[in-house]
Amino acid sequence: MKRKIHSIHAMEILDSRGNPTVKTTITLDNGITASASCPSGASTGENEAVELRDGDKTRYNGKGVLKAVAHVNERIAPILIDMDPTCQAEIDHLMIKLLDDTPTKSKLGANAIVSISMAVARVAALASNLSLYAYMGGFNATRIPVPMMNILNGGKHADNNVDFQEFMIMPIGAPTFAEALRYGVETFHALKAILSKQGYATNVGDEGGFAPDLKSNDEACEVIIEAIKKAGYKPGKDIAIALDPAASSFHEKGMYNLVKSGQGKKTSDEMISFYQNWIKKYPIVSIEDGLAENDWKGFQKQTTDQGDKIQIVGDDIFVTNPQYIAKGIKEKTANAVLIKLNQIGTVTETIEAIKLCRKAGWGYVISHRSGETEDTFIADFAVAMGGGQIKTGSACRSERIAKYNRLMEIEVELGRVASFENPFK
């Protein structure tokens, strides 16, 4: 007997930065209920789906989401009542085609739409008596992703002298996810001890990484390598470095202005040379958004020059949009894509983006946002999609740790069939 959607109700909740976001709860006619919450990004691409905010300065400084909540409860819910929740693609396309035909979902808000889309998948999994990863990925969903753990911040994520936004560690040499997490946590604590001993601040930012006022961009890599060694691991073998410079944030009038570190302005070619030197100097395996979102030629050159050595990840340039990813594949603009559900707005479109990556032989990294909730959807989603990489923050802050804990649960649940492997072999 088919189960039908009985009710859909959204409400305004708070994310990890204390800003409003949308949580949607779906109840089926047999009483099964599931919810999903929408995350929020700070470093956003200009072409990504629109996060609808109220703009009422008397509430939450204009960041309220009551309009998006109303769109769920009053406009979308009546259309989806009595539909079968297992018809994910039909429901997602219905929300897009009939209710919001804008390229960026600006009518209803991607925060409204994605919270429904995620909740539909979750309630359908419960109705099918399956874990979410198994429901979405089938019997092949056995690969646990290697985490990109953000342990040191700069750029827009920190008030310091570091231009690049995220310095991450990847425990590529660990035998299991649980061990990988231990490698990362021990390195995180080693880094804290080193920073503290050197007189640096050890407060953490939005994603749980430290944001000390270091002397240079290079010092960020150097202190991470020191922490890896102090924790008892070998840089490049046990734990590698991944970067997210978020270059659009320091791209001005065709130049890359490394103003925070005092390294001055650089051309696209000079930035590529900068990264080339770092690749030789440090155990870097992945660079995300090393160039600005509109610097397609620069991305193409970086991929030509460095794509055989490291993973070149596009985030702002692709915004999880199949249209831009298809262009990137055709023009060989990168060799991997950062995947964010709320960047495109529905589960179905996100899976379409991943299918393009798979077909092209590109890597893909399932990612959180800087404004997160305790929702663990992306942990299951990463296992379901089998890409072997997840980016979900540092080794602290409960909204980040929730995802790691969920992945450990999945690894235990899968038992002997669980696989964990270095994605760069």
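Reply: Burial is judged by relative accessible area, with buried meaning under 20%, exposed over 50% and partly exposed in between (1.4 Å probe, protein chains only). The model is predicted, so local features need pLDDT of at least 70 and side-chain atom pairs count only at pLDDT 80 or more, while totals for chains, interfaces and linings use all residues. Residues are numbered from 1 along each chain as its sequence is written, and side-chain values use heavy atoms, with hydrogens and water left out.

The setting comes before the pairs. The chain has 13 helices and 14 strands, where helices (H or I, at least four residues) and strands (E, at least two) are DSSP runs numbered from the N terminus. Its radius of gyration, taken over C-alpha atoms, is 21 Å, close to the 22 Å that the globule rule (2.2 Å times the number of residues to the power 0.38) gives for 425 residues, so the chain is as compact as a globular protein of that length. Of these 425 residues, 61% count as buried. Contact means heavy atoms within 4.5 Å, and residues 24 or more positions apart account for 70% of the contacts with a separation of 6 or more.

As for charge, the chain carries 49 positive and 52 negative side chains, and the centres of the two sets lie 3 Å apart. Here Lys and Arg count as positive and Asp and Glu as negative, with His and the chain ends not counted, and each charge is placed at NZ of Lys, CZ of Arg, CG of Asp or CD of Glu. Side chains of opposite charge can pair when their charged atoms come close. A salt bridge is a side-chain nitrogen of Lys or Arg within 4 Å of a carboxyl oxygen of Asp or Glu, and by this rule the count comes to 23 salt bridges.

One of them joins Glu 12 to Arg 59, with the closest N and O atoms 2.7 Å apart. Because Glu 12 lies in strand β1 (residues 5–14) and Arg 59 in the loop between β3 (33–37) and α1 (66–80), this pair ties together parts that are 47 residues apart in sequence. Glu 12 is buried at a relative accessible area of 19%, whereas Arg 59 is partly exposed at 27%.

Another salt bridge, at 3.1 Å from N to O, is formed by the side chains of Glu 48 and Arg 369. This pair links distant parts of the chain, with Glu 48 in the loop between β3 and α1 and Arg 369 in the loop between β13 (363–367) and α12 (377–385), 321 residues apart. Both Glu 48 and Arg 369 are buried. Arg 53 and Glu 51 also form a salt bridge, their closest N and O atoms being 2.9 Å apart, and Glu 51 is partly exposed, with a relative accessible area of 27%. Elsewhere, salt bridges that share partners join Glu 166, Asp 244, Glu 288 and Lys 391 into one network.

Asp 92, in helix α2 (residues 88–99), is buried yet has no salt bridge, and the nearest side chain of opposite charge, Lys 105, is 9.4 Å away. Not counting residues up to four places away in sequence, Asp 92 touches Ser 117, Thr 346, Val 347 and Thr 348. Helix α11 (residues 347–360) also holds Thr 350, which counts as buried at 0% relative accessibility.
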